[in-house]
Amino acid sequence: MPRSQQRGFTLIELLVVIAIISMLASILFPTFRSAREKARQAVCISNQRQLAIAMEMWIQDHSERLPSAETVWQDLGSDVRKILVCPTMGDDIPNGYLYNNALSGLAEGRVQFPLRTILTIDGMHKSTAAPTSTYDNVLYTAQDIDRRHNGHAVCSFMDGHVGLESDITGFAYKPDFSQPVGADWSVTTKSVTPVGGRSLLGELGNQAVTLTLNGLPKHASITVSCDLYIIRAWTGNTGPHAWQLRVVGGDTLLNTTFSNVATANQAYPDAAPGGDHPARTGATETNTLGYEHTPDGVMDAVYHIESTVNHKANSIQLEFSASGLPAITEASWGLANVNVSGE
């Protein structure tokens, strides 16, 4: 064809080509971004796997106990500094991971569900001052988690494996009352027993204490257990001096009475009203905590309370309460070894 008869693209043809290129770009660019984030996620998985290994080595060197939330990142030392940087967050954030506060200072053998208990997870948390002290880069609530990898958070578990938060089923919550009481509790009153120096939430009187847990992983049931300290002159059915555990807006798990006075019967281990048993029936310990009551001398008892309820929601509020008691100096109660687990 002679040069004079050659023609270029028309405007419409150019617009069609540009539209096709734009459409392809809109399809491919998110794919490229997703692939790049997948690569960063792989690095993050490797980082937290190495963190889990470093944590296990530290535990083995420290009497099988997990690090304290207050000092965990100093405890692990400078060798882990590079693996604390999440590639998605960049070098400007020297630590992009959280340590599970529920494990703070806990004996490793007390972790009942290592396969499902989070050790570290993607997230950010800034320390807060008293009265409720928290520490940097420690997991306290689900709000601290950052789902930065295509809508998911990478996490390591107590058994050493690493996965995504969406893979989590079941959980175990075990507060340590020798540490600062977390904001998930409605009261922060704590003390130690006169004998043995056991840490407890209390002493408490005629009041309701709530525990609120949010952002729970998938589960079908929840088991609540605790050691209940019945302190001084509870008179059971005579009072009645009652104690209750319930799910707020749901089931009552236990409603009963307790007695430390030989002449007054109690409902426990049955529900109240109805049970009529000698004082301290079902107690695992009696007069071991050292609480004095004038003129009777030492007067206390320990009960192990445990109950399971069907539950699937991602949050729960538990209420522990007592009623009918005299002044707190005459009769009080406390909680220790609280464990809330989901399966």
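**Entry 1: surface and overall dimensions**

I began with the surface: the chain exposes about 16900 Å², and carbon and sulfur atoms supply 55% of that area. I note at the outset that this is a predicted model.

I then looked up the extent of the chain. The C-alpha trace spans about 120 × 45 × 30 Å along its principal axes. For the radius of gyration I found 28 Å, whereas a compact globule of 343 residues would have one near 20 Å.

Of the 343 residues in the chain, 45% are buried. Among contacts with a separation of 6 or more, 66% join residues 24 or more positions apart.

**Entry 2**

I looked up the secondary structure and found 2 helices and 18 strands in the chain.

I took a closer look at the pairing of β9 with β17. Strand β17 covers residues 316-323, and the two strands pair in the antiparallel sense over 6 bridges. For Thr210 I noted a bridge partner in β17, namely Glu319. In general, strands of a sheet pair through backbone hydrogen bonds.

**Entry 2: nonpolar cores**

I turned to the interior next. In soluble globular proteins, nonpolar side chains tend to be buried together.

The largest nonpolar core here has 39 residues, and those touching the most other members are Trp185, Trp243, Ile305, Phe320, Trp333, Leu335 and Val340. I also found a second, separate core of 24 residues, which includes Leu103, Leu106, Val111 and Val154.

**Entry 3: Ser341**

I ended with a single residue. Ser341 lies in strand β18, which covers residues 331-342.

Is Ser341 buried or exposed? I count Ser341 as buried because its relative accessibility is 6%, and the cut-off for buried is under 20%.

I then asked which residues Ser341 touches, not counting those up to four places away in sequence. The list is Phe113, Phe171, Ala172, Ser221, Ile222 and Thr223.

Key
Residues numbered from 1 in each chain as written. Predicted model: local features only at pLDDT ≥ 70, side-chain atom pairs only at ≥ 80, totals over all residues. Heavy atoms only, no water. Pairing = 2+ DSSP bridges. Helix = DSSP H or I, 4+ residues; strand = E, 2+ residues; numbered from the N terminus. Core = buried A, V, L, I, M, F, W, Y, C linked by side-chain atoms within 4.5 Å. Buried < 20%, exposed > 50% of the residue type's maximum accessible area, 1.4 Å probe, protein only. Rg over C-alpha atoms; globule rule 2.2 N^0.38 Å. Contact = heavy atoms within 4.5 Å. Areas by Shrake-Rupley, 256 points an atom, 1.4 Å probe, with all protein chains shown as cover.
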